[in-house]
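Work through the exercises below with the sequence and the model open. Try each task before reading its solution.

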Amino acid sequence: MRFVTIVLDSGGVGALDDYAQYGDAAGANTLGNVARSVGGLALPNFARLGLGNVTSIAGVASTLSPRARVGRLREQSRGKDTITGHWEMAGIITAEPFPTYPSGFPEELIAEFTRITGKPPLGNVPASGTEIIESLGPEHLATGRPILYTSADSVFQVAAHEEVVPLATLYDWCERARLMLVPPHNVNRVIARPFVGKPGAFARTPNRRDYAIEPPPSVLDRLAEVGVGVHAVGKICDIYCGHGVTTSVRVSDNRDAMEKTFELMDRVAHGFIFTNLNDFDSKYGHRRNVRGYAHALEELDALLPRLESLLQPEDHVIFTADHGCDPTAPGTDHTREFVPFIHRSQEAGASLGDLDGLDTVGKTVLKAFGV
């Protein structure tokens, strides 16, 4: 038996009641607002599973007989970021939010990071990653100073041009920064953000690396303890610092992530396949690219028949998300939202309504494996 969980990174389906506490405007609904803004989405396979029963999505009708068990999951943790969402899926509730830095990092951290890199960083502000490399990239090329930035999330992001700072050096800086960031500055992720190109035409590369804070024991550890292989696709391994992970593959984009998932389904007879589709968040949500987001959803929908053709009768699939990132909302940050729960198995489909906890995902996985 295989259990495949696919995370549409940022695929939120409606604002949570406490959205205002997280600085969000009213009305966030990543999938719903994307569909409305483009005049409707063509998602026939997700519609058959029951996505239209989860939230109102233009072009995706609800159905009286969904193929999957579908609903919305209400996050219990304090946060609206990748680590918090993925950790909760795996049974880790974050009661105290990770620190954020709306005014940039304090001087003592900058001084220590300067000792690590040998040069004071540029930036040290909350920013869009693509915008900050465009604005500070030329000075970085001229000086070799790393570009440091954060966001509304608990992240310490370091951007460097691959021809100025070798990847091995950038990764070393980020690994040492991870060791530096201890309480009260225990940022949940240090992210290496390499880029290439020339002024006016910079582009981030697939060589990103995430250095997450060490997680407490999770569903992945529990699966490993009972001999269930955990196969990570995309940034999943980084999110859990490799805990409980049997194999891991990196990917270049959503299509590559799905291809890697199909390859695993071809060769893994028994195990848990955990896939993150990061393009929804990094390429379209944060960049407020509504049409790109819509196109990516339709591309994923077109791959579902291939996914289903690889399933054995006893296999399970869950589609879910870790948070929202509504590209129609103001700013460039994540949005505090419900996330979808679409569980395809031998069980009859049903509309489940709203459920408490992204850990519904992990509990469903453990139950399927009899743990």
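The model is predicted: local features need pLDDT of at least 70 and side-chain atom pairs count only at pLDDT 80 or more, while totals for chains, interfaces and linings use all residues. Residues are numbered from 1 along each chain as its sequence is written, and side-chain values use heavy atoms, with hydrogens and water left out.

**Exercise 1.** Locate D315 and list what its side chain reaches.

Step 1. D315 sits in the loop between α11 (290-309) and β12 (316-320); helices (H or I, at least four residues) and strands (E, at least two) are DSSP runs, numbered from the N terminus.

Step 2. D315 counts as buried because its relative accessibility is 2%; buried means under 20% relative accessible area, exposed over 50%, and partly exposed in between (1.4 Å probe, protein chains only).

Step 3. The D315 side chain makes a polar contact with the side chain of R2 at 2.8 Å, and it reaches the backbone nitrogen of Q312 at 2.7 Å. A polar contact is a pair of N or O atoms within 3.5 Å; within protein, one must be able to donate a hydrogen and the other to accept it, and residues adjacent in sequence count only if both atoms are side-chain atoms.

Step 4. Setting aside neighbours within four places in sequence, D315 is in contact (heavy atoms within 4.5 Å) with M1, R2, L310, R344 and S345.

**Exercise 2.** Give the strand order of the open sheet and find its edges.

Step 1. The eight strands run in the order β10-β9-β11-β1-β12-β13-β2-β14, with mixed pairing; two strands pair if DSSP finds at least two bridges between them.

Step 2. β10 (247-249) and β14 (350-356) each have a single partner strand, so one side of each is left without a neighbour in the sheet.

**Exercise 3.** Describe how α9 packs on α11.

Step 1. The two helices pack at an angle of about 15°, with axes 11 Å apart. Axes are lines fitted to C-alpha atoms, for helices over the stretch in contact, and angles run from 0 to 180 degrees between N-to-C directions.

Step 2. α9 is therefore roughly parallel to α11, since angles under 35 degrees count as roughly parallel, over 145 as roughly antiparallel, 65 to 115 as roughly perpendicular and the rest as oblique.

Step 3. Residues making the contact include M258 and F262 of α9 and L300 and L303 of α11.
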